[in-house]
Amino acid sequence: MAEKTDNKRKRCISLFVENEIGVLAYIAGLFSGKSYNLDSLTVGTTIDPTVSRMTISMTSDDQTFEQITKQLNRSVPVIKVVDFTDADIFMKELMYLKVTDCDDPEMKKIADIAQKFDATIIDCTSNNVLLECLQKEEKNDELLTLCKESFGKRVEIVRGGGVAIEALEVAKKRKN
């Protein structure tokens with residue numbers, strides 16, 4: 001997960017927060033107020049209806065990241081902050097990719113691309129295709145790059161941001 005760019009690294013944190021009106025705006029405000037940029041943010045309820053879980057991806061240096069986590073830990077609606085940056089995790093991102101105005105050879109090419117990237121064709125017409133991709137962010141990036149190169153401005157995307165969970169001991173041992 002920790003991908004270096006200069007002195008900055010790709011980071012992922014999980015927040016357990018009170019499931020109350022305004023908490024999302026409050027957390028987003030903490031980031032924007034300090035001019036911290038988020039790569040993605042997803043939120044969902046947990047098994048406890050009073051608690052929501054946020055998965056936040058960002059790129060930052062160590063000092064900025066330390067400031068972010070300290071500020072989050074001091075925040076009243078934040079129950080727990082989990083740093084996934086260097087942890088063994090499972091993380092996926094949902095992306096929908098639509099390609100329009102395709103001829104027959106392009107439709108075949110899209111089907112081949114979908115198979116190569118384990119994407120699912122969830123809707124299509126005679127000249128339009130809608131793919132659903134549930135992959136790691138990097139693999140979705142590769143798919144998007146290939147489709148932009150192949151189909152140009154006829155590509156439309158919607159990305160949902162990543163969700164992550166820490167691996168169990170069994171999975172950690174398999175990775176070593």
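This report describes the sheet, the nonpolar cores and selected side-chain contacts of a predicted model.

## Basis of the description

In this predicted model, local features need pLDDT of at least 70 and side-chain atom pairs count only at pLDDT 80 or more, while totals for chains, interfaces and linings use all residues. Residues are numbered from 1 along each chain as its sequence is written, and side-chain values use heavy atoms, with hydrogens and water left out.

## The open sheet and its helices

Four strands, in the order β7-β8-β6-β9, make up an open sheet with antiparallel pairing (strands are DSSP runs of E with at least two residues, helices are runs of H or I with at least four, and both are numbered from the N terminus; two strands pair if DSSP finds at least two bridges between them). At the edges lie β7 (120–124) and β9 (155–166), each of which pairs on one side only, and the twist averages 15° from one strand to the next. Between β7 and β8 there are four bridges in the antiparallel sense, and cysteine 124 has valine 129 in β8 as its bridge partner.

Helix α4 packs on the sheet, where it touches β6, β8 and β9, and its direction makes about 170° with that of β9 (axes are lines fitted to C-alpha atoms, for helices over the stretch in contact, and angles run from 0 to 180 degrees between N-to-C directions). Helix α3 lies across β6, β7 and β8 and runs at about 15° to β8.

## Nonpolar cores

The largest nonpolar core has 18 residues, and Leu97, Leu131 and Leu143 have the most contacts inside it (a core is a set of buried Ala, Val, Leu, Ile, Met, Phe, Trp, Tyr and Cys residues joined through side-chain atoms within 4.5 Å; buried means under 20% relative accessible area, exposed over 50%, and partly exposed in between, with a 1.4 Å probe and protein chains only). Two or more residues come from each of β6 (89–99), α3 (104–116), β8 (129–135) and α4 (137–151). Another core, of 16 residues, lies apart from it and includes Leu15, Ile27, Phe31 and Ile56.

Notes: Contact means heavy atoms within 4.5 Å.
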